[in-house]
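Have the viewer open as you read.

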Amino acid sequence: MMQNHQLQGQAELDDSSQVFRYNYILLTTLGLWPASLSDVRFFLNFGYFCYEMLLEYLDLFLFIDNFENVLMNLTENMAFSQIFIRMLMLRIYNSELGEIIGDAKKDFDAKNYTEEERKTFVAYHVKSRTFMKLLITNTALTASSYYVKPLLGQMGELMEYANSNGENSTFIFMLPYRFYTFYELNDAQTYFWTYGSQLPFVFISGFGQSAADCLMVTLVYHVSGQMAVLALRIASIDTHPSKCTQEVQKIVKAHIRLLRMGKVIQRTFSATLLGHLVGATSLVCILGYQILTSLANGERAILISFFAFIFLVLLVLYAHCTVGESLITESERVSQAYYDCEWYNMSKENARIIILCMARSQKPLQLTAGKFSMFCLQTLTDSIKASMGYLSVLRTVM
């Protein structure tokens, strides 16, 4: 009976560990999976991405006096700049992320958990998988809808152009992105070849966005789950002299390990979160303005891409703030567990160790944007309020 129960628990943990399989697929596509890093694949993807980004910045510079063009350019530019930072940081910190991933995979052994601990740990990976599915689905929807937006907005004109072979048609040769072209788009063949040449950007940007966000959510929730398990173990320390010292040593080692993992995650994604916080605040403002403008002008066909875009921005911001909040919450729970354990019934040496752990746990693990802003649920509300304030100013000025 005990063996069947353990096998069932191991199967549950094996199922939870599949989140790393999803991350493997995303990162391998970009050549960034630490265990099988491919510089050729990465630099092909990243080089193409950087080339198209330079064309976008060139378009912004050349048409800086056209407000509508600048607004549309910044909508894409801010999003793509965030993806650029994500991919770059994944490459810079690749070896450290590999160590964290390898270390995390060791935590899926049912022998190391009681039933309560296992359920607590698995619950965090259920959240992780849910967020990953939402992020990947919405990223795919946003990237694809934005790519076909020029055609959706001119579906009638496109059919008329096809039927009349280009004669007496009002179809405009509009590309999906604001990438500057060094030649005129004055015929269908040139237009559709150029349009098709930008298709790889959809996949690279989509994978670049999803890979970094999904990996961060997975690792942060993994550490949060382990912190929750640690809090349960601290609360149930056996104060009997023959067992207490050994249990305290195990808990201290586990706590140090989690602190190290948390610090690496914080350092790795610090620049990514800073870029996203600035970009998301600006994008919500700009996209809100474009949605209101499109509604006022009756351009309802392109609203789908704008709504999908703003929903993705808010979803990613919510995901980052939620996982950051969970990290703070579980850190505080560990701190409280040290206070609640029967440290006063332990030997002087063990009690002294617990007091040192209490002192260290006063500073919780957290995600930060750069070096100055903490990511939590309050960050979400502050960012949205700032965006609405900027939107109000933009509407008043324009």
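This is a predicted model: local features need pLDDT of at least 70, side-chain atom pairs count only at pLDDT 80 or more; totals for chains, interfaces and linings use all residues.

As background, nonpolar side chains in soluble globular proteins tend to be buried together.

Zoom in on L367. Setting aside residues up to four places away in sequence, L367 touches M216, V220, I265, L273, H320, V323, G324, L327, S373, M374 and F375.

**Around T368.** T368 sits in strand β1, residues 368–369. T368 has a relative accessible area of 8%, so it is buried. Leaving out neighbours within four places in sequence, T368 is in contact with Q266, F269, S270, L273, S373, M374 and F375.

**Rings.** The count of aromatic pairs comes to 25. Here are two of them, described by the distance of the centres and the angle of the planes.

| Pair | Centre distance | Plane angle | Class |
|---|---|---|---|
| F131 and Y318 | 6.0 Å | 50 degrees | tilted |
| Y146 and Y177 | 6.1 Å | 20 degrees | stacked |

F131 belongs to helix α6 (residues 115–152) and Y318 to helix α11 (residues 303–340), so this pair ties together parts 187 residues apart in sequence. Is F131 buried or exposed? F131 is buried, at a relative accessible area of 10%, while Y318 is partly exposed at 39% relative accessibility.

The other pair links distant parts of the chain too: Y146 is in helix α6 and Y177 in the loop between α7 (155–163) and α8 (188–197), 31 residues apart. Y146 counts as buried at 4% relative accessibility, and Y177 counts as buried at 5%. Both rings also belong to a cluster linked by ring pairs, which includes Y48, F49, F80, Y147 and F179.

**Charges over rings.** K149 lies over the face of Y146, 4.7 Å from the ring centre. Likewise, the charged end of K127 sits over the ring of Y124, 4.7 Å from its centre.

Methods: Residues are numbered from 1 along each chain as its sequence is written. Side-chain values use heavy atoms; hydrogens and water are left out. Contact means heavy atoms within 4.5 Å. Helices (H or I, at least four residues) and strands (E, at least two) are DSSP runs, numbered from the N terminus. Buried means under 20% relative accessible area, exposed over 50%, partly exposed in between (1.4 Å probe, protein chains only). Rings of Phe, Tyr and Trp (its six-membered ring) pair if their centres lie within 6.5 Å; planes under 30 degrees apart count as stacked, over 60 as edge-to-face and the rest as tilted. A charge sits over a ring if NZ of Lys or CZ of Arg is within 6 Å of the ring centre and within 35 degrees of the ring normal.
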